[in-house]
Amino acid sequence: MSTQSSASGRLNATFARLRADGRKALIPYITAGDPHPGHSVALMHALVAGGADIIELGMPFSDPMADGPVIQLACERALKAGTTLRRTLALVSEFRQTDAQTPVVLMGYLNPIERFGLADFADAADHAGVDGVLIVDLAVEEADAYLPTLTARGLAPIFLVSPTTPIARVATIAEHAAGYLYYVSLKGVTGAANLDVDAVATQVAALRGVTQIPVAVGFGIRSPETAAAVARVADGVVVGSTLVNQIAEGVDQPDGLPAQLTATLAALRRAMDAG
Amino acid sequence: MPYDFPDARGHFGPYGGQFVAETLMEPLARLSEAYARLKDDPTFLAELDNDLKHYVGRPSPLYHAERLTAKWGGAQIWLKREDLNHTGAHKINNTVGQALLAKHLGKTRIIAETGAGQHGVASATIAARLGLKCVVYMGAEDVERQSPNVYRMKLLGAEVIPVRSGTQTLKDALNEALRDWVTNVDDTFYVIGTVAGPHPYPMLVRDFNAVVGRELLVQCPARIGRMPDVLVACVGGGSNAIGMFHPFIGMDGVELVGVEAGGYGIDTPDHAAPLSAGTPGVLHGNKTYIMADADGQISNTHSISAGLDYPGVGPEHAWLKDSGRARYVAINDDAALAAFHELTRVEGIIPALEPSHALAYAKVLATELGPDRHIVVNLSGRGDKDIFTIAKREGISLT
């Protein structure tokens with residue numbers, strides 16, 4: 001669909017460039033405003049410096065039902081520090097002032113977007129330089145009322161696919177999705193136990209049978225070894241809780257956080273690029 | 001009026017639906033299929049009826065509160081005695097039904113969330129009877145204020161997990177239960193305690209509780225000589241209210257009134273009345289009225305009753321409000337507490353704090369209506385669990 005191809009320009013360009021280079025996307029997640037909105041832009045640049053290809057930026061929500069305790073606490077820190085959806089969008093604008101290339105995907109829950117107003121949110125996100133939106137509690141069945149508004153502003157709808165998703169349903173999801181499919185590597189919440197790489201390889205191969213959209217894998221990836229193993233079978237590797245944990249541990253000395261995140265990502269990057 | 005909600009996708013007008021993470025969509029689809037297959041299956045229904053009759057103790061009586069009627073000096077007050085059910089509340093109607101579904105789906109473990117503990121006790125009870133493992137999530141604050149029910153659940157063999165995230169109340173217990181379910185979908189059945197959450201839960205919890213209203217369809221003509229004028233029930237998530245209202249929705253002459261927890265007043269931030277003072281939004285898998293701030297973050301709620309202390313409400317209530325078929329009011333803590341004492345002293349029935357809200361509004365209504373009018377209040381649970389809360393609030397030491 002034409003709206004969707006325009007909806008994911010920067011994301012498509014990123015995956016095309018990586019494919020040409022024979023590399024896989026490293027996609028870190030952090031929560032906007034964690035530990036304080038004043039730190040977020042520096043942390044985003046630090047992720048890019050460490051080798052991030054795409055940044056997933058969490059929109060903090062009081063009740064993140066699909067996330068584990070690590071990200072719930074990150075949301076609580078961010079909200080306590082005064083992070084709002086408007087402020088989150090402003091952080092993306094500020095990031096864009098010095099980085100026009102790295103795609104930014106907003107990830108969160110529907111209610112703050114609904115309260116903001118879907119069309120107003122889509123306008124503001126587009127204006128801020130957001131490339132994709134992943135709404136965790138928006139299933140494809142309910143998406144009709146939301147997607148046209150997002151895609152009309154050039155925002156790629158990113159969808160989750162889980163181990164419980166039947167393959168016929170994956171095809172339906174892929175029809176609506178753009179940018180990439182986010183394959184949830186295990187049943188569970190973010191930050192759960194380590195994943196089974198063989199199972200992931202089988203599942204990703206099955207996904208490739210029904211869609212051409214790049215597949216990124218997330219949940220349970222925290223070591224360079226696991227990241228490298230997943231990179232062998234998928235188009236991208238999403239890393240979240242392990243970074244958010246680092247932020248949690250460094251709350252008292254936030255000035256040191258950018259260098260730490262850069263180092264963590266660089267280790268993952270090296271392992272992935274080594275194949 | 002024709003009423004056929006929810007639609008195939010679980011919508012009640014603009015409300016309801018399935019707003020959950022992808023991992024839960026397939027388990028929800030399987031649950032929908034199983035329920036569609038079993039809800040008209042004679043064997044399943046016979047099993048359910050048998051449990052409701054011989055285990056729960058149904059039908060529950062319809063009691064004419066004559067002394068209370070005389071004291072209030074207006075309309076006739078009738079009490080639907082759900083407090084007399086096994087485990088002391090209407091919650092058992094639904095857990096019996098869902099546990100049977102779990103059994104038919106071959107699940108070995110059930111999880112539940114609970115606020116006041118009544119749903120947790122009902123879930124632990126039915127798990128004990130069916131030999132299922134049971135885990136109950138409960139906000140740490142509620143564990144504190146509902147300690148008798150926590151002990152009861154433990155006696156029944158359930159594991160009670162205090163939830164310390166967020167506001168440490170029912171909404172956070174629901175988040176934790178959803179997380180558990182996402183992680184353990186293969187062997188676990190999530191027994192949701194109210195008519196909220198993703199489709200098909202609002203529908204199936206309603207259907208299991210509608211036994212309350214169906215009994216009234218028989219009891220009212222027999223006892224009153226006709227259908228009542230008003231049905232009054234408290235609304236937290238809204239399961240006892242929808243159970244009572246549902247068979248009457250097509251009966252235009254019967255007014256339906258839901259009573260929310262006004263806390264310290266709906267003009268303050270400290271209440272739990274999303275239908276009276278909230279706005280439509282998305283929480284816990286469904287679109288409905290919720291309490292949220294200007295940025296869409298879910299608000300802290302307050303009610304003297306842990307069972308009503310929830311920022312959302314079942315989507316069918318949202319639709320009944322918008323369509324005008326039911327109306328919703330709020331009763332503050334103090335008025336609920338006064339009604340609690342009044343029923344206890346005048347009729348010798350100690351009600352839970354939840355239906356005390358409904359009673360308090362019935363009093364307001366009764367004084368406006370003449371003695372030829374009949375109000376049925378759903379006395380959804382007994383008050384044993386609340387005596388510590390009440391004693392503490394009134395400065396009485398029980399030790």
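This is a predicted model: local features need pLDDT of at least 70, side-chain atom pairs count only at pLDDT 80 or more; totals for chains, interfaces and linings use all residues.
Most peptide bonds are trans, and most residues other than glycine have a negative phi.

Positive phi values occur at A:Phe219, which is not a glycine and has a phi of about 80°, and at B:Thr87, likewise a residue other than glycine, with phi near 75°. A:Phe219 lies in the loop between β8 (215-218) and α11 (224-233) of chain A and is buried, its relative accessible area being 10%. B:Thr87 is situated in the loop that runs between β4 (76-81) and α4 (91-104) of chain B, and with a relative accessibility of 12% this threonine also counts as buried.

Within chain A, helix α3 (residues 37-50) packs with helix α5 (residues 85-96) at an angle of about 45°, the two axes lying 10 Å apart. At this angle α3(A) is therefore oblique to α5(A), and the crossing of the two helices is right-handed. On the side of α3(A), the contact is made by A:Pro37, A:Ser40, A:Val41, A:Met44, A:His45 and A:Val48, while α5(A) contributes A:Arg87, A:Leu91, A:Glu94 and A:Phe95. Classified by residue type, this contact of α3(A) with α5(A) comprises six nonpolar, two polar and two charged residues.

Key: Residues are numbered from 1 along each chain as its sequence is written. Chains are lettered from A and ligands numbered from 1 in the order in which they are written. Side-chain values use heavy atoms; hydrogens and water are left out. Axes are lines fitted to C-alpha atoms, for helices over the stretch in contact, and angles run from 0 to 180 degrees between N-to-C directions. Helices (H or I, at least four residues) and strands (E, at least two) are DSSP runs, numbered from the N terminus. Angles under 35 degrees count as roughly parallel, over 145 as roughly antiparallel, 65 to 115 as roughly perpendicular and the rest as oblique. A crossing is left-handed if the near helix is turned anticlockwise from the far one by less than a right angle, and right-handed if clockwise. Contact means heavy atoms within 4.5 Å. Ala, Val, Leu, Ile, Met, Phe, Trp, Tyr, Cys and Pro count as nonpolar, Asp, Glu, Lys and Arg as charged, and the others, Gly among them, as polar. Buried means under 20% relative accessible area, exposed over 50%, partly exposed in between (1.4 Å probe, protein chains only).
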